[in-house]
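Trainee: I'd like to learn how the labels for this one get decided. Can you take me through it?

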Amino acid sequence: MADTLGSLIDKMITVDLKMWNNQELLYKIRRMTFDEYKEEYFESEAGAMNLWDSLKKACDLNVQRNQLIDEVDKKIIEIVQSAVSGEELDDGKFLQRKHKTY
């Protein structure tokens, strides 16, 4: 089944939370002096690799988030166009019923 607006927003929230958690490193760096920063991330290859991994992850997550924002925009346009043309919106195309087992 194609993504619904709700499922796209769910995916975007998940990416946002991952971005938030990944940014903790940046706040750690913000509290460091430059000498502490150099010692932590550039005196060993492991430190430099940790910094590189975090920065790469931040960039990758930002790209994912922007792609999801574009998908949400397209889905909203699709829903509005369908509504204006008189299509039934509650036929499963835009709505996915949840089956709860509890």
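**Rings and cores**

Mentor: Let's start with Tyr 41, which counts as buried because its relative accessibility is 0%, and buried means under 20% relative accessible area, with exposed over 50% and partly exposed in between (1.4 Å probe, protein chains only). Keep in mind that this is a predicted model, where local features need pLDDT of at least 70, side-chain atom pairs count only at pLDDT 80 or more, and totals for chains, interfaces and linings use all residues. Residues are numbered from 1 along each chain as its sequence is written, and side-chain values use heavy atoms, with hydrogens and water left out.

Trainee: Why does Tyr 37 count as partly exposed?

Mentor: Its relative accessibility is 21%, so Tyr 37 falls in the partly exposed range. Phe 42, at 49%, counts as partly exposed too.

Trainee: Where do Tyr 37 and Tyr 41 lie?

Mentor: Both are in helix 3 (residues 34-42), four residues apart, about one turn of the helix. Helices here are DSSP runs (H or I, at least four residues), numbered from the N terminus.

Trainee: What makes the rings of Tyr 37 and Phe 42 an edge-to-face pair?

Mentor: Rings of Phe, Tyr and Trp (its six-membered ring) pair if their centres lie within 6.5 Å; planes under 30 degrees apart count as stacked, over 60 as edge-to-face and the rest as tilted. For Tyr 37 and Phe 42 the centres are 5.5 Å apart and the planes sit at 70 degrees, so edge-to-face is the label.

Trainee: How many aromatic pairs does the structure hold?

Mentor: Three. One of them joins Tyr 37 and Tyr 41, with centres 5.7 Å apart and planes at 55 degrees, so that pair is tilted. Phe 34, Tyr 37, Tyr 41 and Phe 42 form one aromatic cluster.

Trainee: How do you know that Ser 54 is buried?

Mentor: Its relative accessible area is 13%, so Ser 54 gets that label. Ser 54 is found in helix 4 and, leaving aside neighbours within four places in sequence, is in contact (heavy atoms within 4.5 Å) with Asn 22 and Leu 25.

Trainee: Which residues make up the largest nonpolar core?

Mentor: Leu 8, Met 12, Val 15, Met 19, Leu 61, Leu 68 and Val 72, seven in all.

Terms used. A nonpolar core is a set of buried Ala, Val, Leu, Ile, Met, Phe, Trp, Tyr and Cys residues joined through side-chain atoms within 4.5 Å. Helices (H or I, at least four residues) and strands (E, at least two) are DSSP runs, numbered from the N terminus.
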